[in-house]
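Hello,

Here is the structure I promised to pass on, with my notes below it. Have a look at the model first, then read on.

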Amino acid sequence: MNIMTVEHLTKTYGEKVLFQDASFGMEENDKIGIIGVNGTGKSTFLRVIAGLEPADEGRVSVNRDTRVTFLAQNPEFDPNITVLRGVFQNGGPELAAVSAYMEAMEELELLPDDPGRQAKVAKLSQDIDRLGAWSLESEAKSVLGRLGITEFGKKMGELSGGQRKRVALASALIIPSELLIMDEPTNHIDNESVGWLEAYLQKRRGALLLITHDRYFLDRVCNVMLELDHGRLFRYEANYSRFLELKSEREEREAASEQKRQNLLRNELAWIRRGAQARSTKQKARIERFEKLQNMKTEYKSTALDISVASTRLGRKILEISDLRKSIGDRLLIGDLTYTAVPGDRVGIVGPNGSGKSTLLNMIAGRTQPDAGGIELGQTVKLGYFTQEHQEMDGKQRVIEFIKEAAEVVETADGSRITAAQMLERFLFPPAMQWTPIAKLSGGEKRRLYLLRVLMGAPNVLLLDEPTNDLDIQTLTVLEAYLDEFPGAVFVVSHDRYFLDRTVDKIMAFEGGGVVAVHVGDYSDYEERIQAGGSGTSSVNIHAASSAASTSKSGSTADNASDGAKGSAKDPARGEKLKFSYNEQREYETIDERVEEAEQRLAGITEDMAAAASDAVKLQELMQEQQQAEAELERLMDRWAYLNELAEKIEQQKNQN
């Protein structure tokens, strides 16, 4: 059953187009992940769909029986209410009734003999009975516990940003709804909680629409991918693994199509310059087609993030940790930790939230002092510290000024020297954006800019504290490739299981009571040992689910038709005569009319879609017809391009003879 239809959404931010003419439908069992580079408008896209922000054009139609729950990336709470009441602060009638009942009970405890307050509690109790919501409080406590929140009476204003996000996540999970929309639900929760959330959403009934950078999570939870790419929206009926294959195939097709367009333009331009005489209908059509090709807006772009900053030479002595101890209040975080880093070390640091992982990095960086023991760095060590926060960033400062503070010119891995402005372009900050105040960047763009600032210092020891928070998958993929070639040592705190498996070969695990144990292997190896040893709480298998079904890769109808037609033409390079076959000659004479008919059919479907805007079922059918019509037009354009190119070559051969 269709529960939501998104029609022709367009949204701009100043001169920047975030998304344009974006359309898709959603069924009741769809679990959709949204992917795109930071700054492409993923969060804005979710907010528009959730009705929290208006679109410039288009509309969102939600089935009247569909309840929608939205989890924001940075939720807001009344700082004076308790954690438990915070779970029920925003939601449907069930949560509102429980919240009102809790507030009334708090008031009654102050004046237990007040008849008015007693009557209020009795009425609210009846409301909860009617809504069947008595189990929500116990469910909220259970979910909060699984997310690492156990002090239910604590004030929301006393929580960290990450803790508030987990309270909002608990609220979103227990609200009864047919569509759950989530913006970065895995940020600020530890590995075990991510595994639990993954399993919870796999079993949850209802539709899901989310943004996350966690690739294992996407692979195991989602069955549809939506990609925002240069303002366009692409839909893939696939999990993340299969999406990568389909995206690669799409980009190859787009690159080939753009190359074909450029070749055809060159041929047509030569024909026009020779003095085309617009006598016949075919010549007029050909000139019009050339102008259309010339004015066509190409969507294919090969821009890619490039991390190629060189590092400083590193000596033999890197980092020695000796009998390190650290406590907060009466809680021991680290007890007698000893570790010696070696060249090429890749250490992943894991453990529950609040266990002391970031504190360890701060001690290595010299920002926090240990209670006992010591940390000694080698003389040649040059630290690069990518923290969770970007406190060093002044919102009024411009992007290029922030980078130039680190270095005006930097040496790359291949030995060349490039300017700060050129490096910003490699990090997907075009010239016009480099003079933008930092405050106007998205959260992900700020993280990407901050990462560049750290790397511009050419460090040889990297400390990465939750690098995957707010970084898009493309940036993470390139960062992983950079770390493959990075000659120095890396210490990374992360809850992203894929990132840890991809980048580290040792795990430093905070196991409670001050115990910090070092295990050889990646995170999957560590998790398997924990499961095999029976220690710790049970956890979800973190390995990415492999795609069960393999799809055969066959050429499109257009490709096959073109290949067959090309087989009938001769190769002029070998002195053979070029000519049309009988069928090609007939097709060449009618191809312009067929293209025009296909264009008219597509235009007619677009008009029908506008007329059927309030009919979700009809609109879904028309969207399928639109896809088929677009595919047919693309096929005909491929044939038109081939036949006209062949006709041009035949004409050239005649002139040469």
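Two strands count as paired if DSSP finds at least two bridges between them. Helices (H or I, at least four residues) and strands (E, at least two) are DSSP runs, numbered from the N terminus. Please note that this is a predicted model: local features need pLDDT of at least 70, side-chain atom pairs count only at pLDDT 80 or more, and totals for chains, interfaces and linings use all residues. Residues are numbered from 1 along each chain as its sequence is written, and side-chain values use heavy atoms, with hydrogens and water left out.

**The sheet**

Six strands form an open sheet with mixed pairing, in the order β5-β6-β7-β3-β8-β9. Its edges are β5 (68-71) and β9 (232-236), each pairing on one side only. Strand β8 (residues 224-229) runs antiparallel to β9, with five bridges between them. Among the residue pairs, Met 225 has Tyr 236 in β9 as its bridge partner.

**The helix pair**

Helix α5 (residues 135-146) and helix α6 (residues 161-174) have axes that come within 9 Å and cross at roughly 135°. Axes are lines fitted to C-alpha atoms, for helices over the stretch in contact, and angles run from 0 to 180 degrees between N-to-C directions. The two helices are therefore oblique to each other (under 35 degrees is roughly parallel, over 145 roughly antiparallel, 65 to 115 roughly perpendicular, and the rest oblique). Contact here means heavy atoms within 4.5 Å: α5 contributes Leu 136, Glu 139, Ala 140, Val 143 and Leu 144, while α6 brings Val 167, Ala 170, Leu 173 and Ile 174.

Best wishes
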